Amino acid sequence: NGTAVSDVKINMVGADALIHWILSSEGKGYIAEYGKEEFGTALFTLDPKAPVESETSTIPQATDETKTIRLSTTTSVNDSGLLGYLLPKFEQKYGYKVEVASAGTGKAIEAAQMGNADLILVHAKAKEEDFINAGFARTVWHYAAPRLTFMYNYFVLIGPASDPAGVKNAATVLDAFKAIADTKSTFVSRGDGSGTHTKELSLWPADLGITEEATSFQNYPWYVSSNAGMGAVLTMAEQQNAYTLSDKATFLTFQNNNGVIE
């Protein structure tokens with residue numbers, strides 16, 4: 001409830017083990033291959049400037065005290081299926097159990113602020129830096145900073161095949177968002193303070209004044225703020241014949257699972 005307590009225990013050993021493994025050549029190798037067999041393309045791209053952790057021999061095996069690792073992450077990462085593919089390999093090799101809680105980036109970070117996570121995996125740089133500057137983060141041994149960038153994927157604007165706003169003919173994504181607003185075509189927003197939501201807000205014409213505040217879009221009946229995760233938003237957009245902004249990995253996973261939104 002926001003009140004400081006003295007008995008919150010952060011599993012630093014387990015968190016460090018998972019971080020070191022993900023950034024190892026083994027972990028990165030799995031990330032680089034994820035999606036190729038099923039989709040014909042990798043769903044995530046490794047950052048060439050990512051920290052290098054080449055050895056896994058120094059990663060300790062889990063003990064009764066360090067076995068459970070609490071990972072707070074975004075729905076985009078979770079809904080893409082990456083963690084379901086990646087974590088069992090780590091768990092089987094080292095004996096840990098990773099408990100995954102997924103929400104929008106804002107809520108995922110808040111969970112860590114409240115002591116309810118051992119590490120976070122999110123994608124909103126400004127919010128991550130606020131978390132660090134507020135004193136909640138630490139630098140893991142052997143790395144230069146508490147914030148470690150190691151992979152990325154792309155945002156994609158998607159919508160119904162009929163394309164009522166004509167976004168396929170837009171020269172830029174900013175033009176596409178303006179077309180959606182001009183034609184009052186239905187748009188489903190994450191509305192949850194996530195990294196995807198933060199990105200979306202930056203793409204609307206400034207004169208619309210759309211922000212996280214509900215009053216900013218109350219006169220735009222075509223704008224639907226869902227306060228939901230990426231998978232749920234894709235389903236809503238499909239049902240409402242609407243546009244939405246998604247990370248590419250989750251969209252391709254959704255599409256491969258018989259989603260028809262394009």
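Strands β2 and β3 pair in the parallel sense over seven bridges, where pairing requires that DSSP finds at least two bridges between two strands. The model is predicted: local features need pLDDT of at least 70, side-chain atom pairs count only at pLDDT 80 or more, and totals for chains, interfaces and linings use all residues. Residues are numbered from 1 along each chain as its sequence is written, and side-chain values use heavy atoms, with hydrogens and water left out.

Thr74 stands opposite Ala103 in β3. The strands belong to an open sheet of three, in the order β3-β2-β4, with parallel pairing. β3 and β4 stand at the edges with a single partner strand each, so one side of each has no neighbour in the sheet. From one strand to the next, the twist averages 30°. Helix α5 (residues 82-94) lies across β2, β3 and β4 and runs at about 160° to β3. Axes are lines fitted to C-alpha atoms, for helices over the stretch in contact, and angles run from 0 to 180 degrees between N-to-C directions.

In helix α6 (residues 105-113), the buried residues are Thr105, Ala108, Ile109 and Ala112. Buried means under 20% relative accessible area, exposed over 50%, and partly exposed in between (1.4 Å probe, protein chains only). Seen down the axis of α6, the buried residues fall within an arc of 95°, so they line one face of the helix; the arc is that of the directions from the helix axis to the C-beta atoms. Their packing partners are listed below, contact being heavy atoms within 4.5 Å.

| Element packed against by the buried residues of α6 | Residues |
|---|---|
| β2 | 68-74 |
| β3 | 97-103 |
| β4 | 119-121 |
| α7 | 125-133 |
| α9 | 195-201 |

Just after α6, Gly115 takes a positive phi of about 85°.

The chain has eleven helices and nine strands; helices (H or I, at least four residues) and strands (E, at least two) are DSSP runs, numbered from the N terminus. The radius of gyration is 20 Å, close to the 18 Å that the globule rule gives for 262 residues, so the chain is as compact as a globular protein of that length. That radius is taken over C-alpha atoms, and the rule is 2.2 Å times the number of residues to the power 0.38. Along the principal axes, the C-alpha atoms fill a box of roughly 60 × 45 × 30 Å. Of the 262 residues, 44% count as buried. Among contacts with a separation of 6 or more, 70% are accounted for by residues 24 or more positions apart.
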